[in-house]
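Subject: Structure handover

Hello,

Here is the structure you will be taking over. My notes on it follow below the entry.

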Amino acid sequence: MSGMTATRLRLPSPRTGTRSASPLDGEADDRPPSLLHRGLALLALLSLFQGTAAALRAQALGSRVLLLLLILLYGVMLLLAVLTFTVRRQRSLRRVDLAVLAVAVLRFAEFFAASAGRHTAVYQDDEGALVTLAAHALAGGGHVYGVHWPDFARQFQISTTPLMNGGYADSYGYPPLSVLLSAPLVRVLPAWVPVAGLFSSGAVVLAAVLMFRLLPVRLRPAATVLCFGFNYLLFYARNGYPVLLALPLLIIAVNQWTRTGTRGRLGRPGVVSAVCLGLAASAHQLTWFLVPFLLAGMLLARRGELDRPAALRVTARYAALALGAFLLVNLPFAVRDGAAWAGGVFSVLTQHATPQGLGPVDISYYLTSGSGDLGMYSTAALALLVGTFVAFLLFPRRLAPALAVLPWPAFYLSTRSTETYFVLLAPVWLVAYATCRSTDFDRLWQWRPRPLRDRRVRLALPALLALPALACLLAAVCSPVPLELRVTALTEGAPRDGVPTVAGIRVDLRNVSGHPLTPTFAVSNDSWLDTGWTVQAGPRMLAPGQSGSYRLQHRRVPMEASTKGHTYLRVLSDDPQTLTSAALPIG
């Protein structure tokens, strides 16, 4: 088997392979396909059947062109399923894989076209809407950062991200790459065209093509599975999530990352990788969390073959190129919008959004009556991220195969521990692992002072590194709620389909904490907060020990109560971030 001779820019061919002595490397074209390859090819094809039948029925009375295309694609998929098991050569199964990828792209385009139109909402979430508004502002010569669009939720008929202070995120809060791409088109194309969604969807297609070309032959069906086999990715792409613009850029950046800067030279492949990393950081803040791990991994890989000054020099050149690409995109906005640019790009870290997710924060949200210090969840997440990074530095040979996954488990502890932080960059995980030699991981430089040579110390270190995060987590969970809460009256509206509704609430609060609190109110009958409540009476702030009586009225139609459990009144405050909950005595 040949070694890894292809450079990062000259994409590796199936024969070159990427991981020495690995059973996943490409086989000779004339040999029979392996059972593993056939199984992955079948998995890729079956993943495309998910949702296709429902889409075909939905188009039965809609667009005839889309209906005929779906019927054709469905038949082609059935034919490819037969070919997956009947072709006799590796070369033929590679062509079947390529055909499956082509069908996946056409199916993806058809789904996108079916979800957009004159009589369809432009977006179903707030990310694409804010990108579009910022692009309009840029195209008209206005500012992108520091501008608020308080009416954008009604304009696009979408939900928003509620904040702990009672407001919601109504300004553009991402790096500017998506705005730069969208600005030339938002005033040219019809208003019903989701321009941000076009670019995000195109980025997913490009990511799939790059994966297919970069992965070893047997793993190429994974490009179809990870990019097109899960329908949730269509939702995020269709709604213009900026993070998806970073996906193909990060795939290039992490491809063969253990080989970047070999012999102390970046070369053209290394330069392209660094520039793509900088551009990815200009698309979404999630890239920022991967950057230190990638730079540290590159430094340790080069330190394994070079002396310390040479390894530092080549890593510094790579970092400087990435920073230069980032500044090339961001500097004009930083100069024009000033401090508003910094406030915008860091807003996802500082805006104090309300709790939501799949993590320990749900203990305070569902299982207890709240928490007097929700901010400690975010502190715990930061502590775990730092601990994970230190663990990577101490045990690089063990953790390097998971380099592209390591930043994300820390989000499990945050107040917004949504799955989008974890799964949207999954294609990057596979590329970062499968395009590197296993021997390269074994050659990473490891710092081994005398204490770390003791096996007992090495076994105890992970627990010690996780201890600060655990302490912060316990502080968040155990912090007593800051308010005594008593619902004194409830105004019920007319039942809706037999389900009770709530139109008004009267509640007494007493601040038992040592901090002045500005309460804001929401009601939840599931995991989402209904923030459409107006405070008609009650003090704006409660000093320590102060009590107040509040009268709340729903701004729109009465809210339905939960049909599966309790309906909760949620009282939030910002600075400090607190949550106090109580079940409403409905019925």
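Does Asp-337 count as buried or exposed? Asp-337 counts as buried, because its relative accessibility is 11% and the cut-off for buried is under 20%. Please keep in mind throughout that this is a predicted model.

Asp-337 belongs to helix H14, which covers residues 308–337. Leaving aside residues up to four places away in sequence, Asp-337 touches His-143, Val-144 and Tyr-145. For His-143, the separation from Asp-337 is 194 residues in sequence, but 6.6 Å in space from C-alpha to C-alpha.

The whole chain

The protein contains 23 helices and 11 strands. Its radius of gyration is 27 Å, close to the 25 Å that the globule rule gives for 587 residues, so the protein is as compact as a globular protein of that length. The C-alpha trace spans about 80 × 70 × 50 Å along its principal axes.

Of the 587 residues, 51% are buried. The protein exposes about 26,200 Å², and 63% of that area is supplied by carbon and sulfur atoms. Among contacts with a separation of 6 or more, 76% are between residues 24 or more positions apart.

A pair of helices

Two packed helices are described by the angle between their axes and the distance between the axes. For helix H13 (residues 286–303) and helix H18 (residues 375–394), the axes come within 10 Å and cross at roughly 10°. Angles under 35 degrees count as roughly parallel, and H13 is therefore roughly parallel to H18.

On the H13 side, the contact is made by Phe-289, Pro-292, Phe-293, Ala-296, Gly-297 and Leu-300. H18 contributes Leu-385, Thr-388, Phe-389, Phe-392 and Leu-393. Sorted by class, the contact of H13 with H18 has 9 nonpolar residues, 2 polar residues and no charged residues.

Backbone details

Which peptide bond is cis? The bond from Asp-575 to Pro-576 is cis, with omega near 0°. Pro-576 sits in the loop between strand E10 (568–573) and strand E11 (578–583).

Gln-157 has phi near 55°, a positive value in a residue other than glycine. Gln-157 lies in the loop between helix H6 (152–156) and helix H7 (177–186). With a relative accessibility of 69%, Gln-157 counts as exposed.

For Gln-256, phi is near 50°, again a positive value in a residue other than glycine. The loop that holds Gln-256 runs between helix H11 (243–254) and helix H12 (267–281). Gln-256 has a relative accessible area of 3% and is therefore buried.

Other residues, with separations

Leu-72 is part of helix H3 (residues 64–86). Its relative accessibility is 54%, and the cut-off for exposed is over 50%, so Leu-72 counts as exposed. How far apart are the C-alpha atoms of Leu-72 and Pro-544? They are separated by 69 Å, and the two residues are 472 residues apart along the chain.

Arg-398 is located in helix H19 (residues 396–399). A relative accessible area of 69% makes Arg-398 exposed. Between Arg-398 and Leu-444 there is a C-alpha separation of 9.8 Å, with the two residues 46 residues apart along the chain.

Ala-342 is found in helix H15, made up of residues 339–345. At 28% relative accessibility, Ala-342 counts as partly exposed. Ala-342 and Arg-450 are 108 residues apart in sequence, and their C-alpha atoms are 43 Å apart in space.

To go through the model in order, you could begin with these places:

- the contact of Asp-337 with His-143, Val-144 and Tyr-145;
- the roughly parallel helices H13 and H18;
- the cis peptide bond from Asp-575 to Pro-576;
- the positive phi values of Gln-157 and Gln-256.

Regards

Terms used
Residues numbered from 1 in each chain as written. Predicted model: local features only at pLDDT ≥ 70, side-chain atom pairs only at ≥ 80, totals over all residues. Heavy atoms only, no water. Axes fitted to C-alpha atoms, helices over the stretch in contact; angles between N-to-C directions. Helix = DSSP H or I, 4+ residues; strand = E, 2+ residues; numbered from the N terminus. Parallel < 35°, antiparallel > 145°, perpendicular 65-115°, else oblique. Contact = heavy atoms within 4.5 Å. Nonpolar A, V, L, I, M, F, W, Y, C, P; charged D, E, K, R; others polar. Buried < 20%, exposed > 50% of the residue type's maximum accessible area, 1.4 Å probe, protein only. Rg over C-alpha atoms; globule rule 2.2 N^0.38 Å. Areas by Shrake-Rupley, 256 points an atom, 1.4 Å probe, with all protein chains shown as cover.
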